[in-house]
Amino acid sequence: FVEVADLDLYRALQIHPAQDGHASIEYYNLSERGAKALLEALDDRLTIRPETVGPRHLVVVGNTPLGRNTVVQAVRNWALDLCQDNLDKGAVERPSITLVLPGDDLGESKTELDRLRDWEPRLPTGEQPGLCDVRVIGGGVGFEGLEEYLRQNPAPAVVVTARGDDELLEQGLTLT
């Protein structure tokens, strides 16, 4: 078992499975596994079911590996929900994701969404609506702006990610 920290390399290595009869190497990425576990814990808040009432809105703060994987895995989970319950996409409220990126430059948002679309093509593009709605907010909004945004756009789940403990603690204290 080999942990691969680089997400692009990890995804590339998954494309080439071991040949029969040869020793196999299992690659894994902690942020991908962490995102799956996190969304499993949030299942009752985000899963689409026929009886679902209220928005399926996920807010992800930070474009860290965990944040990226959380966005991608949420879309995959929603696609699976629709298939398992044989739901018509038009019959349920479209789920949505708000991605809050650090920094004031929203030019990076297009690059970030393109990167995420490479991993999960069911994310919307300018031409295709995709499985869910995605809104990108520049990090310059601050947590006060995020609080106001959440008042207007309720979300049953907000995931805050950061590159280090200090940054995460600062964001968590500010958000609280």
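**Sheet, cores and salt bridges of the predicted model**

In strand β6, the bridge partner of L58 is A157. The structure is a predicted model, in which local features require pLDDT of at least 70 and side-chain atom pairs count only at pLDDT 80 or more, while totals for chains, interfaces and linings use all residues. Residues are numbered from 1 along each chain as its sequence is written, and side-chain values use heavy atoms, with hydrogens and water left out. Helices (H or I, at least four residues) and strands (E, at least two) are DSSP runs numbered from the N terminus.

Four strands form an open sheet in the order β5-β4-β3-β6, with parallel pairing; two strands are taken to pair if DSSP finds at least two bridges between them. The edge strands are β5 (133-138) and β6, each of which pairs on one side only. Neighbouring strands of the sheet are turned by 15 degrees against each other on average, direction ignored; the axes are lines fitted to C-alpha atoms, for helices over the stretch in contact, and angles run from 0 to 180 degrees between N-to-C directions. Six bridges join β4 to β5, five join β3 to β4, and four join β3 to β6. I97 stands opposite V134 in β5, and V61 has V100 in β4 as its bridge partner.

Strand β3 is mostly covered, five of its five residues being buried (buried means under 20% relative accessible area, exposed over 50%, and partly exposed in between, with a 1.4 Å probe and protein chains only). H57, V59 and V61 point one way from β3, whereas L58 and V60 point the other way.

The largest nonpolar core has 26 residues, and those with the most contacts inside it are L46, L58, V71, W78, I97 and L116. Such a core is a set of buried Ala, Val, Leu, Ile, Met, Phe, Trp, Tyr and Cys residues joined through side-chain atoms within 4.5 Å. At least two residues of this core come from each of β3 (57-61), α4 (65-84), β4 (96-101), α5 (107-119) and β6 (157-160). Helix α4 gives the most, with seven residues. A second, separate core of six residues includes V59, V100, I137 and L146. Leaving aside neighbours within four places in sequence, I97 is in contact (heavy atoms within 4.5 Å) with residues including L58, V71, W78 and V134.

Helix α4 also contains N69, which counts as buried at 2% relative accessibility. The side chain of N69 makes a polar contact with the side chain of S31 (3.0 Å). A polar contact is a pair of N or O atoms within 3.5 Å; within protein, one must be able to donate a hydrogen and the other to accept it, and residues adjacent in sequence count only if both atoms are side-chain atoms.

A salt bridge is a side-chain nitrogen of Lys or Arg within 4 Å of a carboxyl oxygen of Asp or Glu, and by this rule the count comes to six. R76, E120 and R122 are linked in a network of salt bridges. The closest N and O atoms of E120 and R76 are 3.0 Å apart; E120 lies in the loop between α5 and β5 and R76 in helix α4, 44 residues apart. The side chains of E120 and R122 meet at 2.7 Å, N to O. E120 is buried, with a relative accessible area of 2%, whereas R76 is partly exposed at 25% and R122 is partly exposed at 38%. R94 forms a further salt bridge with D133, at 2.9 Å between the closest N and O atoms. Because R94 lies in the loop between α4 and β4 and D133 in strand β5, this pair ties together parts that are 39 residues apart in sequence.
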